[in-house]
2 protein chains.
Amino acid sequence: MIDLKAKWIAADWGTTHMRAWAIDEQGEVLAYSESNEGMKDLQQNEFEPVLLRLIENWLDNKKITPVMACGMVGARQGWVETPYLKTPCVPIDKTQLTVATTKDTRIQVNLVPGVMQHKPADIMRGEETQIAGFIKENPSFNGIVCLPGTHTKWVNVKAGQIENFRTFMTGELFGVISNKTLIKHSIKSDGWDQASFEDGVIKGFDNPGLIASDLFSLRSESIVNDLDSNSARSILSGLLLGVELNGAKNYWKNKNVIIIGSELLSKNYQKGLKILGGESHSFSLEAATLSGLTSAYIELYSE
Amino acid sequence: MIDLKAKWIAADWGTTHMRAWAIDEQGEVLAYSESNEGMKDLQQNEFEPVLLRLIENWLDNKKITPVMACGMVGARQGWVETPYLKTPCVPIDKTQLTVATTKDTRIQVNLVPGVMQHKPADIMRGEETQIAGFIKENPSFNGIVCLPGTHTKWVNVKAGQIENFRTFMTGELFGVISNKTLIKHSIKSDGWDQASFEDGVIKGFDNPGLIASDLFSLRSESIVNDLDSNSARSILSGLLLGVELNGAKNYWKNKNVIIIGSELLSKNYQKGLKILGGESHSFSLEAATLSGLTSAYIELYSE
């Protein structure tokens, strides 16, 4: 094992996963570590041991290494609850970070708070850091940032601030519909059919009120007309995205949209928007996360 | 125990429940029996023993008692698969009943087939019997029959036939969304708030594309604005119904709608339609089922 020491450590600790990066003096990534010990699986006193197990090799015993963490780790059911910032606001405010007290004196853990909106009520934890990272790289950006995921966020960014946003739980719906309803019998595969996906997007967008019927049709079509499993899965994905793009159209019609998400999801959102006449560009999720945590680190420790 | 003997036996055997009625010479119900041994919990060879346990006391050992059964008992995973009738068609065709062979010679079990539609693909099993029952009582009816449930059916009935229909899996969505997504934390109660339900109907109807966002809002509102659990549950129910009523509007706008379902669901559908300017009347689910099975019995055994 290489004996590397981190200047500081970046951590993205979500509901189901934890990812950590060792960063050097020059801001370069020295090492990466990950775990599926997400917030939902941990009691409050388990966060520190899990973190230490993942980053221990990166610590210099003679000094304190800062850890900058974002995500659901700062939720009520997480390590320490960090009070939300309220829109409109900068995505990260260095004066509002919360320190998670540790027994181990070699680390100082700073949690980035989430952002809430009062009316209509909405919340995010983690995406604010990616938005901060994107803004750091594009300081003059005014427009829409879309962060697809379990709970996709459409965010209106203006003059370095989060103006307002809207969450669609499309990813979570895809999960429960494909695993927990009768449709599961019709989409047993993990395959993909691009044309079916695109048909689904258009159908969902054109007539979102039919969604509960279009979903049942996946089952009927597989029984009556032998619809294959890959097509059914792709139509399902397209339908749900199409319904979302109908509801989110004020966010993307004639707007400058940046998509920050996993490669697969970003590709689907870009394709969906394109079919409907929208324009978008993608930005790396990892780069956004690291850049956001870096800006928090620099602001906090450069004084 | 009273020693009653049935002239024939009616059975509604669905996915999760089995209900049976002993009928006398005059067509009156002598006794009722039910079980939660639905189709999904039974292997093929378990249907006969379950049926016998429920109806044995009603059998006359000296003759054969007919059993008329409808529902998922006739599905591929049921007792015997009954081939679907194809739209347009009468809801029950006595020449298309399927006999389920039994070891016990005291009964003759006749299964009512479901109905399928080729384009757009759709299927029903059980509702055709309720439609047949309603038509028997209202032979000159032309209009829409709505059968709310796990998989709600909107059925266009004309001259005694099922012309076409559309299924919305709204009930199943309500189940998985309220039990298997993050919303479950916000709707722990079984309570009800009528005003919230009505708000939900209007919201879902007016902007169905926002459904995945409106659902997430239930969680955000409970965190940010202390939305109470009864209201959240009622809004959820209203939202999903509103989206369905948007998609189904060709079925109910300026139409004569008959609703056949459980008392609670029928009331919600009637209220939802009324808010949106639709008109409807309800018809008893049990009366429809019994009347449908009775008409099948009479046609089959009166010759």
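1. A word on size to begin: the radius of gyration is taken over C-alpha atoms, and the globule rule is 2.2 Å times the number of residues to the power 0.38. Chain A has 303 residues, so a compact globule would come out near 19 Å; the value of 21 Å for chain A agrees with this.

2. Before reading on, please note that this is a predicted model, in which local features need pLDDT of at least 70 and side-chain atom pairs count only at pLDDT 80 or more, while totals for chains, interfaces and linings use all residues. Residues are numbered from 1 along each chain as its sequence is written, and chains are lettered from A and ligands numbered from 1 in the order in which they are written.

3. Chain A holds 9 helices and 14 strands (DSSP runs numbered from the N terminus: H or I of at least four residues for helices, E of at least two for strands).

4. Now for the partner chain. In chain A, 37 residues are in contact with 37 residues of chain B (contact means C-beta atoms, placed from the backbone, within 7 Å). The side of chain A that touches chain B takes the most from α5(A), which gives 10 residues.

5. One helix pair is worth a look: α6(A) packs against α5 (residues 211–224) of chain B at about 80 degrees, with the axes 8 Å apart. Axes are lines fitted to C-alpha atoms, for helices over the stretch in contact, and angles run from 0 to 180 degrees between N-to-C directions. In this pair, A:V243, A:E244 and A:G247 meet B:I211, B:A212 and B:S213.

Terms used: Two residues are in contact if their C-beta atoms, placed from the backbone, lie within 7 Å.
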